[in-house]
Amino acid sequence: MSQEPKPQDTLIAVAMSGGVDSSVAALLLQRAGYRVVGLTMKLWSPPVSSCATDDTDKTCCTVDSAMDAKRVCDQLGIPHYTLDMQKDFEDRVMEPFYDSYRRGETPNPCVNCNSFVKWDALWQRARAIGAQYIATGHYAAVDRDEQGFAYILRGDDPKKDQSYFLWGIPPESLRQTLFPLGNLSKPEVRKLAAEAGLRTANKSESQDICFIPRGNYREFIAERAGDRGDAIEVGTLRGPDGVELGEHRGLPYYTIGQRKGLGVATGEPMFVRKLEPETNTVVLGRKEELYCTAFVADRFNGFGPDWEDRECLVQYRYRSPVKPALVERDADGRVRISLREPGYCVSPGQSVVFYDGDRLLGGARIREILD
């Protein structure tokens, strides 16, 4: 049962990146009769060396992107503000991203950005100007059950569904959230933008992490380590039979499931199976050794009434297929996920998300592989 706010006297703050999706989100809300204001977050400053390339025009944090957002707001006749949120982004996204890789994990910065920046720091600023709701251009939807509990639903377009990245939104904030694009496909969004004459209608988009516009996270880690004087120590490469195969370049440069760039020749395909920060070891294995049936996650966030142990569908990587599992919570707020069929390449630091059909029940951060 979905309940939308009444347009009369309802102010909605739209997080506008300067892309086509957030532009159309603002357009649709305005057409529905709401009072709309556009908020653009300045999250980080691209290095001067990269500003001469074509990479940064695809990110959401450049001067050009902020200007695109403002111009769309001018076209729609709605107010627009640019907010300096670089410290929030540094503290809650970039620094944890760096630290996680140094611990031998594979982080998901978009989850932290949604949880701690958009639905925390930005939402606080939106409420300060009188907004009752926040809206974004994510491909997802909000639904409410008969008891009034809010849930996230998968977007109708499976190619664009972004519900996986939204599990960390606080339930109390989700009740004040709108996703206007949930029932649309990307071509439909671009068509709406073109029909309205929005300047972002044909703007390209990037799948890269916004603060790594060239997609090379290893370069980011190396530069930050160098700036801080942090040592990234070489360590041991160990084979599937416990045999030492040589040295690795440093734990942050490897991810679970990696096959290329290992620097060893074993006569058979080898993959990164495990990263051991306590011994500074990269453990390699055969492909069949990358399957597991149980793992533990923390930082649980759930929607609906009090969470109970339950059978549900889980997704442990973006675009990975969902798998049936038993999810059990312990007294410390951690969850154990027991897969009903083996899962491939489950990685500490990534998100595990729980579904009942298309309804998002919650999620957590993977911490440890058990079996």
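**Ser17**

I started at Ser17, which is partly exposed because its relative accessibility is 30%. The scale I used calls a residue buried under 20% relative accessible area, exposed over 50%, and partly exposed in between, with a 1.4 Å probe and protein chains only. I placed Ser17 in the loop between strand S1 (11-15) and helix H1 (20-31). I took helices (H or I, at least four residues) and strands (E, at least two) as DSSP runs, numbered from the N terminus. I then looked up Ala66, which is 49 residues from Ser17 along the chain. The C-alpha atoms of Ser17 and Ala66 are separated by 6.8 Å.

I noted the ground rules here. The model is predicted, with local features needing pLDDT of at least 70 and side-chain atom pairs counting only at pLDDT 80 or more, while totals for chains, interfaces and linings use all residues. Residues are numbered from 1 along each chain as its sequence is written, and side-chain values use heavy atoms, with hydrogens and water left out.

**Whole chain**

I counted seven helices and 17 strands in the protein chain. The C-alpha trace spans about 70 × 50 × 35 Å along its principal axes. I checked the radius of gyration, taken over C-alpha atoms, against the globule rule of 2.2 Å times the number of residues to the power 0.38. The chain's 22 Å agrees with a compact globule, because 371 residues would give a value near 21 Å. Buried residues account for 52% of the 371.

I turned to contacts, meaning heavy atoms within 4.5 Å. Of those between residues at least 6 apart in sequence, 67% join residues at least 24 apart.

I looked up the surface next, with areas from the Shrake-Rupley method and a 1.4 Å probe; for residues, only the protein chains shown count as cover. The chain exposes about 17,000 Å², and carbon and sulfur atoms supply 46% of that.

For charges, I counted Lys and Arg as positive and Asp and Glu as negative, leaving out His and the chain ends. Each charge was placed at NZ of Lys, CZ of Arg, CG of Asp or CD of Glu. There are 48 positive and 54 negative side chains, and the centres of the two sets lie 3 Å apart.

**Cysteines**

How many disulfides are there? I found zero, using a rule that asks for a pair of cysteine sulfur atoms within 2.5 Å. Cys73 is buried because its relative accessibility is 0%. Cys210 counts as buried too, at 18%. Cys345 is buried at 8%. I found Cys345 in the loop between strand S15 (335-344) and strand S16 (351-356). Cys345 has a positive phi of about 65°, although it is not a glycine.

**Arg319**

I flagged Arg319 for its backbone. Its phi is positive, about 80°, and it is not a glycine. Arg319 sits in the loop between strand S13 (310-315) and strand S14 (323-329). Its relative accessible area is 47%, so Arg319 is partly exposed. Which residues does Arg319 touch, not counting those up to four places away in sequence? I listed Pro158, Lys159, Lys160 and Asp161. Arg319 and Asp161 are 158 residues apart along the chain, with their C-alpha atoms separated by 9.4 Å.

**Glu205**

I moved to the loop between helix H6 (186-195) and helix H7 (217-228), where Glu205 is found. Glu205 is partly exposed at 36% relative accessibility. Leaving aside neighbours within four places in sequence, I found Glu205 in contact with Asp21, Lys160 and Lys186. Lys160 is also among the residues that Arg319 touches. I took Cys73 as a distance check: C-alpha to C-alpha, Glu205 and Cys73 are 19 Å apart, and 132 residues apart in sequence.

**Asn114**

Is Asn114 buried or exposed? I found Asn114 buried, because its relative accessible area is 3%. Asn114 belongs to helix H4 (residues 109-128). Not counting residues up to four places away in sequence, Asn114 touches Trp119, His138, Phe165 and Leu166. I also looked up Thr255, which is 141 residues from Asn114 in sequence and 23 Å away in space, C-alpha to C-alpha.
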